[in-house]
Amino acid sequence: MTTSRALLLTHGSGGGIESNYGPIRGALASGGRHVVGFDLPGTGGAPRATDPLELDALADGLVAEADAAGVERFAVSGYSLGTTVAIRAATRHPERVTGLVLTAPFAYADHALRQASLLWRDLADSGQHALVARLLVPLVFSPAMLDPMTPEVVEGVVRLTGESIPEGTPEHADLVARADVREDLAGVGVPTLVISTTEDRLVAPALHRSVAAGIPGARLTELATGHAPFAENPAVWGKLITEFLSEVEQA
């Protein structure tokens, strides 16, 4: 196995490595960094789960993805639901994880996130993808992005969102409502950057700040986007991640 600079990616609910990290994957691989994506069940070619998702199994799956890629030690960049997988991997496999970058993280779902996720789960499970999109678009994108759009353009965004929902979304959204890594936070022993998407209306910035406060020595930085930095400001998002990884790798 290689011990060279490596980064594992883990994505958000109802997304995938390509949709969430595609716009910045080239930047993340700069300087020869080995970048490996971990798609949750039911997206990106990974088979859909037949049972509810569990964080321990997903954390082990992330490490197995590193093993398959020949990577011994690696940093993890998690986005949204992927941050809970990243945190659990760091505490479950501390000998493998060298650093964390957590974008729009939550340690548990507050009432607003839980209720939205349960509705998201039920609509997706019943095949009502157009309604899933109508729920998510105003929660995921910031007013600064949506407000200048014409109604016709917004309808187009809703349509494209509905058409891109992966089959594993019900299980992803269900895990958002159940995931709880609050007890893991104090056990994270690697350098950590928390990126708070300050215009986020799905995962409240207060949840981001709580994660940063709970991880010893974690650094908190802000990015003025909604919940989808890959759509609203990928250049700055990628720069924040790569600059932090460079610091960790040099250390």
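Gly 16 is found in the loop between β1 (6–10) and α1 (17–21), where helices (H or I, at least four residues) and strands (E, at least two) are DSSP runs numbered from the N terminus. The model is a predicted one, in which local features need pLDDT of at least 70 and side-chain atom pairs count only at pLDDT 80 or more, while totals for chains, interfaces and linings use all residues. Residues are numbered from 1 along each chain as its sequence is written, and side-chain values use heavy atoms, with hydrogens and water left out.

Gly 16 has a relative accessible area of 5% and is therefore buried; buried means under 20% relative accessible area, exposed over 50%, and partly exposed in between (1.4 Å probe, protein chains only). Not counting residues up to four places away in sequence, Gly 16 touches His 11, Tyr 21, Asp 39 and Thr 43, a contact being heavy atoms within 4.5 Å. Between the C-alpha atoms of Gly 16 and Phe 38, which are 22 residues apart along the chain, the separation is 8.5 Å.

Overall, the chain contains twelve helices and six strands. Its radius of gyration is 17 Å, close to the 18 Å that the globule rule gives for 251 residues, so the chain is as compact as a globular protein of that length. The radius is taken over C-alpha atoms, and the globule rule is 2.2 Å times the number of residues to the power 0.38. Taken along the principal axes, the box filled by the C-alpha atoms is roughly 50 × 40 × 30 Å. Of the 251 residues, 53% count as buried. Among contacts with a separation of 6 or more, 78% are accounted for by residues 24 or more positions apart.

The accessible surface of the chain is about 10,400 Å², and 53% of this surface belongs to carbon and sulfur atoms. Accessible areas come from the Shrake-Rupley method with a 1.4 Å probe; for residues, only the protein chains shown count as cover. The chain has 18 positive and 30 negative charges, whose mean positions are 3 Å apart. Lys and Arg count as positive and Asp and Glu as negative, with His and the chain ends not counted; each charge is placed at NZ of Lys, CZ of Arg, CG of Asp or CD of Glu.

Helix α9 (residues 169–178) includes Val 176. Nine of the ten residues of α9 are buried, so the helix is largely enclosed by the rest of the structure. The buried residues are Thr 169, Pro 170, Glu 171, His 172, Ala 173, Asp 174, Leu 175, Val 176 and Ala 177. Their cover includes α3 (55–68), α4 (81–92) and α5 (111–125). Val 176 itself has 4% relative accessibility and so counts as buried. Apart from neighbours within four places in sequence, Val 176 is in contact with Ser 13, Leu 81, Phe 106, Ala 109, Leu 113 and Ser 117. The C-alpha atom of Val 176 is 18 Å from that of Ser 19, the two residues being 157 residues apart along the chain.

His 227 occupies the loop between β6 (219–223) and α11 (229–232). The relative accessibility of His 227 is 3%, so this residue counts as buried. Its side chain is joined to that of Ser 80 by a polar contact of 2.9 Å. A polar contact is a pair of N or O atoms within 3.5 Å; within protein, one must be able to donate a hydrogen and the other to accept it, and residues adjacent in sequence count only if both atoms are side-chain atoms. Beyond four places in sequence, the residues touched by His 227 are Tyr 79, Ser 80, Ala 104, Leu 139, Val 140, Thr 197, Asp 200, Leu 202 and Val 203.

Ser 80 lies in the loop between β3 (74–79) and α4, and has a positive phi of about 55 degrees although it is not a glycine. At 6% relative accessibility, Ser 80 is counted as buried. Ala 104, in the loop between β4 (97–103) and α5, likewise is not a glycine and has a positive phi of about 55 degrees. The relative accessibility of Ala 104 is 0%, which counts as buried.

Thr 192 belongs to strand β5 (residues 192–197) and, at 2% relative accessibility, is buried. A polar atom of the Thr 192 side chain lies 3.0 Å from the backbone oxygen of Val 190. With neighbours within four places in sequence left aside, the contacts of Thr 192 are Leu 100, Leu 102, Ile 215, Ala 218, Arg 219 and Phe 244.
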